[in-house]
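Dear colleague,

Please find the structure below, followed by a short account of what was found in it.

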Amino acid sequence: MSLRLPPVLVVDDEKNMRLSLKTVLTDERYSVRTVESAEEALELLAREDFFMVITDARLGGMTGYEFLSKSRARWPDMPVLMITAYATPKLAVEAIQAGAIDYLAKPFAPEELLHAVARCGERYRLLRENANLRARASEAYSLEQIVGECAKMRELRQLIQTVAPTAARVLILGESGTGKELVAGALHGLSQRSRSSYVRINCAAIPETLLESELFGHEKGAFTGALKQKLGRVEEADGGTIFLDEIADMSRPLQAKLLRFLEDGTFRRVGGTQELKVSVRLLAATNRDIVEAIREDQFREDLFHRLNVVQFRLSPLRERGDDVSILAEYFLRNFGVSLNKNTRTISRAARQKLLSHHWPGNVRELRNVIERALILETTSEIQPGSLPDFQIEARLHKASPPKPTGAESLDEMMANYERDLITGILEQNHFSLTRSAEQLKISRHALRYRMQRLNLSTGNEPEEPPGAAVKEGSA
Ligand SMILES: Nc1ncnc2c1ncn2[C@@H]1O[C@H](COP(=O)(O)OP(=O)(O)OP(=O)(O)O)[C@@H](O)[C@H]1O
Ligand SMILES: [Mg+2]
């Protein structure tokens with residue numbers, strides 16, 4: 001167990017007692033702070049972290065018992081060990097009833113003290129481990145949560161299974177809402193570090209000035225407002241995984257510090273001189289175009305190479321074909337339960353509408369669309385009217401001409417352009433393949449072929465006989 005314990009706080013008005021307690025404990029590599037009075041102890045507890053308090057029952061000023069009840073009220077989880085003058089059963093009972101975790105009667109052997117302190121240390125560790133476990137349980141990432149049956153999603157799950165058990169750093173790229181966080185969680189969940197902590201930091205959500213101290217911690221007085229020492233999240237993640245989300249938003253100076261940390265796991269707290277070391281696996285993600293960020297000198301190329309040991313690229317939802325339907329049904333089931341609605345299916349017309357939208361917000365957008373539809377729907381099937389007016393958004397989207405990102409080949413760019421164009425025409429024609437093909441001056445068969453090639457769902461509609469009347473929203 002690599003978790004470092006904060007210090008023990010010793011409260012005793014007798015100098016010799018303070019000294020001998022301190023010696024016994026520091027010999028066993030505990031760190032120790034000593035104070036003479038309960039008043040001082042309460043003040044210190046408010047400012048700094050301790051894992052336990054050892055106090056004499058009889059103190060000048062406030063007694064040990066009064067201290068106990070005050071500290072219990074403010075810090076109910078802080079174990080207090082009481083030292084009493086004589087071993088009478090009555091005093092022992094009093095100490096325990098007042099909330100002491102244990103008591104020692106003078107004189108006592110150093111082993112007795114160490115035994116009691118070790119138990120408190122163990123308790124502290126268990127509490128921390130439980131907190132981590134709870135955090136993990138609430139996230140409960142697993143492969144099953146990554147829904148999708150298209151070839152790319154199957155490959156993705158396979159790759160996660162291969163890479164997760166290794167120590168490799170992973171860089172996860174993909175547009176907003178494509179599931180980067182889910183992937184990072186699964187990589188931790190399936191790793192050998194899954195029983196240790198999983199710490200996620202959103203680099204874009206924390207002000208630049210605070211991010212360094214969040215990541216690496218700070219010493220007391222390192223800057224205005226640093227009232228007490230704070231451990232870094234990398235220390236919290238020791239033995240486990242740290243996920244740096246939105247990494248492209250990290251400032252250049254901090255990128256340099258991260259680079260150093262990635263070299264050998266060493267770092268310094270802000271305002272600290274001591275070199276500390278942890279064992280942490282790093283995962284990173286961004287929805288920005290990282291190549292562009294490097295070209296514009298916003299992101300260090302050497303850091304990119306350090307992070308990019310294995311790269312995951314999550315494809316946009318519009319390139320996942322029928323996964324739109326599969327995900328829509330998945331969200332329908334999930335929200336159906338939580339919203340207590342029994343809308344069980346999606347009508348054919350609504351499905352077509354979903355399939356031809358270009359989903360700039362990807363899976364997150366689809367999730368929100370289904371939740372909203374389920375709230376609005378009054379029939380047992382989701383109807384197109386409960387879905388948003390995607391045409392407005394599609395027009396907005398197409399107002400901007402495709403611009404080269406540098407990450408895609410000419411073929412990919414052409415495919416994206418063609419996909420957008422066909423999607424737009426389909427929407428204009430209420431998803432009628434026949435009318436869309438006419439407008440594009442190609443055969444219906446050729447349109448189907450192109451849509452399949454571009455991973456656009458054709459909805460598996462039966463072929464219409466030539467000249468058949470076309471209903472709105474069908475075909
Ligand atoms: N394949 C999937 N199966 C099921 N749910 C998914 C899938 N992909 C994404 N989601 C859901 O979509 C939402 C967005 O996913 P996530 O937060 O992982 O996206 P992201 O790529 O991190 O986006 P951003 O770049 O905006 O942070 C979440 O609610 C997530 O559970
Ligand atoms: Mg995210």
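**The ligand between two domains**

Ligand 1 lies between domain 2 (140-313) and domain 3 (318-453), because both give residues to the shell around it; the domain bounds come from an automatic or database domain assignment. This is a predicted model, in which local features need pLDDT of at least 70 and side-chain atom pairs count only at pLDDT 80 or more, while totals for chains, interfaces and linings use all residues. Residues are numbered from 1 along each chain as its sequence is written, and chains are lettered from A and ligands numbered from 1 in the order in which they are written.

The shell around ligand 1 holds 16 residues, the closest being Ser176, Gly179, Lys180, Glu181 and Val363; a residue is near a molecule if its C-beta atom, placed from the backbone, lies within 6 Å of it. Helix H7 (180-189) and helix H15 (362-376) each contribute at least two residues to this shell. Helices (H or I, at least four residues) and strands (E, at least two) are DSSP runs, numbered from the N terminus.

**Strand E3**

Strand E3 (residues 52-56) is largely enclosed by the rest of the structure, because 5 of its 5 residues are buried (20 or more other C-beta atoms within 10 Å of a residue's own, with C-beta atoms placed from the backbone). Met52, Ile54 and Asp56 cover one side, and Val53 and Thr55 the other.

Strand E1 (residues 8-11) runs parallel to E3 and is joined to it by 4 bridges; two strands pair if DSSP finds at least two bridges between them. Val10 has Ile54 as its bridge partner in E3.

Yours sincerely

Technical notes: Buried ≥ 20, exposed ≤ 12 C-beta atoms within 10 Å, placed from the backbone.
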